[in-house]
Amino acid sequence: MNYDAALDDALSRLHAEDRYRTFIDIERKRGQYPHATWNRTDGTTRPVTVWCGNDYLGMGQHPVVLSAMHDALEATGAGSGGTRNISGTTVYHKRLEAELADLHRKEAALLFTSAYIANDATLSTLPKLFPGLIIYSDALNHASMIEGVRRNGGAKRIFKHNDVDHLRSLLEADDPAAPKVIAFESIYSMDGDFGPIEQICDLAQEFGALTYIDEVHAVGMYGPRGAGVAEREGLMGRLDIINGTLAKAYGVMGGYIAASARMCDAIRSYAPGFIFTTSLPPSVAAGAAASVAHLKTDQALRDSHQTQARILKTRLKGMGLPIIDHGSHIVPLIVGDPKHTKMLSDMLLEDFGIYVQPINYPTVPRGTERLRFTPSPVHGPREMDALVKSLDRLWSHCALNRADLTG
């Protein structure tokens, strides 16, 4: 076999479908986010404003986070030195897990190197713990959840997105005695819509199922202590396993689950994705713990974040642009064509110094390609004005209106 030719063919298909992804090399500057430096391929640099980052609250540059990381680095050095089972559990990891358990009002929390790994490892391990388990998974769940469900070797049922009637019909069709878990998200990152948490909890109670919720795009930002949408709606106590990230609103790195002490003990004892992975550096764990602790009390930052999102959506709607607004902080602008989406992204970057990455298939369905904006408290009036004016000019210049792109 000509392996090089096969690789060329695979990459050529992406180029032909306008789905080839290009890395934009940026250098963040401490204290200046969302402003950064773009290192261009020709060796030159230029300033850009990042509008697609997941550092939703700017905590990646917060003094309390940086101070905690510096202190831990000076005290312990760079790496953890091993897996959690073999020399890689430190006071910093235990402190972070305690903060997370307290955040979600659970008995325990279990730290992973990313929320992707937390989802994949946990969902793929559950059938080992509950023989005959059936997992009911929302059709638009994140790729990490899909991968965990796919790899677990157990039975799975996919219910239509946010469709509790379809979920009920699937539950009714299965053996009442079979162990079950319903896996879903609180906020779906591509459209910014909310999952029907209370209705799913009601079904879980009725059919004797466990509940598994991904709060990745909500932790730090929703609820009176930043525990997520379930906290905001007073439903945390009805959820058996809560997945979250430390790499978005908390501005650092890592993922976790929060659950009963028995559940966390079982997952840590059986999940290869936990057992055989080197643990996070102590400095990262320290920074994350400081961020979680800080955001438990910083409601003003959460309020500012929501305000900025509402302002951006209001202004884009006023221009007649086809955005999706489900009331969350995520602002998707539907372009509907991969070539036009990439063109808009390139022109915003080249002509206006605005960085927003195109989102194409398979991340979103074909025909719904988009630019996804993530405003934060540090996107002020100047940045907002620059973005709105640039979009207004480009949308008109390129004759990219909704009818053209969807018809």
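**Cores and rings in a predicted model**

Mentor: The structure holds three aromatic pairs. Rings of Phe, Tyr and Trp (its six-membered ring) pair if their centres lie within 6.5 Å; planes under 30 degrees apart are stacked, over 60 edge-to-face, the rest tilted. This is a predicted model: local features need pLDDT of at least 70, and side-chain atom pairs count only at pLDDT 80 or more, while totals for chains, interfaces and linings use all residues. Residues are numbered from 1 along each chain as its sequence is written, and side-chain values use heavy atoms, without hydrogens and water.

Trainee: How are the rings of Trp51 and Phe373 arranged?

Mentor: Their centres are 6.5 Å apart and their planes at 80°, so the pair is edge-to-face.

Trainee: Are Trp51 and Phe373 buried or exposed?

Mentor: Both are buried. Buried means under 20% relative accessible area, exposed over 50%, partly exposed in between (1.4 Å probe, protein chains only).

Trainee: Which ring pairs with Phe194?

Mentor: Tyr222 does, edge-to-face, at 6.1 Å centre to centre and 85° between the planes. Tyr222 is buried, with a relative accessible area of 3%.

Trainee: New topic. How many residues are in the largest nonpolar core?

Mentor: That core has 59 residues, and Ile182, Ile197 and Leu246 have the most contacts inside it. A nonpolar core is a set of buried Ala, Val, Leu, Ile, Met, Phe, Trp, Tyr and Cys residues joined through side-chain atoms within 4.5 Å.

Trainee: What does Ile182 contact, leaving aside neighbours within four places in sequence?

Mentor: Its contacts (heavy atoms within 4.5 Å) include Tyr136, Phe159 and Leu210.
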